Amino acid sequence: MTPAPHRLVLTAGELRYLVERTGVDLPPGWMPSADIGPAEAGLIKKRVVDGVGGEIHRSVVKNLEVLALPMVMLDTVAEIDGRGLHSVHAISGPLGASLFELGDGAVEMSMFASADLGKELIRAVPPESQDANAGIESRLGGGGPEQAPLRGRLPLAALQEMGAARLFRDADPGGPAAVVARLRLSGDEAALAQQVATETDGALRCLVVGRNGRTSQVSWVHTDGGWSGLEPEPDGSGRRMVRLAPAAREDLGTWVAPAVAGAL
């Protein structure tokens with residue numbers, strides 16, 4: 001059994017203080033802004049810093065080092081009907097670390113066993129329902145979907161254009177039908193494309209970046225029926241085809257596993 005993850009909530013000022021004291025460089029987009037006020041007193045109270053000008057707890061230093069120099073990094077953005085999560089996970093040898101945005105520059109910073117990456121990634125996917133005022137931990141619940149998730153095959157071009165048609169469907173209700181006609185979709189493809197345009201209310205993007213320079217991406221879409229993942233599926237037609245297959249929050253680790261293995 002692996003040790004339980006260690007989690008620490010930090011204000012923007014506290015994160016800035018730790019970054020400056022340790023001299024680490026966090027992943028792109030996660031460096032806190034300058035001039036965000038004093039923070040040492042709060043960190044002393046949290047037992048992160050051992051008194052005024054004192055040492056930073058070694059586990060916190062290690063947590064920041066894993067985030068700064070990972071062997072593989074996963075940056076995940078997910079949203080359902082305007083409720084979003086942004087997180088980054090890093091793996092370096094036996095240790096993993098993560099950051100979750102909490103608003104107003106605050107973050108939740110965690111350290112965990114790298115073998116538990118799959119379990120940690122569940123927290124990066126919004127559940128089917130949630131209280132808008134809930135915190136990270138309470139977001140782990142949620143009821144199951146009543147409708148079926150999207151399933152089937154589509155040309156990638158149709159998926160991309162239907163995404164744009166969905167954004168403008170109120171201003172241009174005929175947009176989805178125009179996409180179907182322009183791309184000459186089959187009956188099954190046209191029906192699925194219409195579902196994408198009318199039912200999609202969320203999406204997930206997990207970008208996997210390795211120290212070796214390899215980069216790949218996992219993409220999901222969400223409807224009232226739940227999550228559906230996108231998998232490339234060549235069919236010899238010359239079109240770039242993708243298959244939409246049902247996915248659950250617990251599946252993200254499995255979906256990214258090939259990319260993580262390649263990045264390592």
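This is a predicted model: local features need pLDDT of at least 70, side-chain atom pairs count only at pLDDT 80 or more; totals for chains, interfaces and linings use all residues.

Visitor: How many bridges hold β8 and β9 together?

Guide: Four bridges, in the antiparallel sense, between β8 (residues 215–223) and β9 (residues 226–232). In that pair, V221 stands opposite S228 in β9.

Visitor: Switching to the core: which residues touch the most other members in the largest one?

Guide: That would be L10, L18, L26, V48, V60, L99 and M109, out of 25 residues in the largest nonpolar core. Elements that each supply at least two residues to this core include β1, α1 (12–22) and α3 (58–68).

Visitor: What does L18 touch?

Guide: Leaving aside residues up to four places away in sequence, L18 touches L10, L43, V48, I56, V60 and L64. There's also a second, separate core of 22 residues, with I80, F112, L117 and V125 among them.

Visitor: OK, charges now. How many salt bridges does a search of the whole structure find?

Guide: Eight. One of them joins R205 and D75, whose closest N and O atoms are 3.3 Å apart. R205 sits in strand β7 (residues 202–210) and D75 in strand β2 (residues 72–80), so this pair ties together parts that are 130 residues apart in sequence.

Visitor: Is D75 buried or exposed?

Guide: Buried, at 12% relative accessible area. R205 is partly exposed, at 25%.

Visitor: What about D116, what does it bridge to?

Guide: D116 forms a salt bridge with K119, and their closest N and O atoms are 3.5 Å apart. D116 is buried, with a relative accessible area of 9%, whereas K119 is exposed at 53%.

Visitor: And E233, which residue does it form a salt bridge with?

Guide: R243, with the closest N and O atoms 2.8 Å apart. E233 is in the loop between β9 and β10, and R243 is in strand β10, ten residues apart. Salt bridges with shared partners also bring in R153, joining R153, E233 and R243 into one network.

Methods. Residues are numbered from 1 along each chain as its sequence is written. Side-chain values use heavy atoms; hydrogens and water are left out. Two strands pair if DSSP finds at least two bridges between them. A nonpolar core is a set of buried Ala, Val, Leu, Ile, Met, Phe, Trp, Tyr and Cys residues joined through side-chain atoms within 4.5 Å. Buried means under 20% relative accessible area, exposed over 50%, partly exposed in between (1.4 Å probe, protein chains only). Contact means heavy atoms within 4.5 Å. A salt bridge is a side-chain nitrogen of Lys or Arg within 4 Å of a carboxyl oxygen of Asp or Glu.
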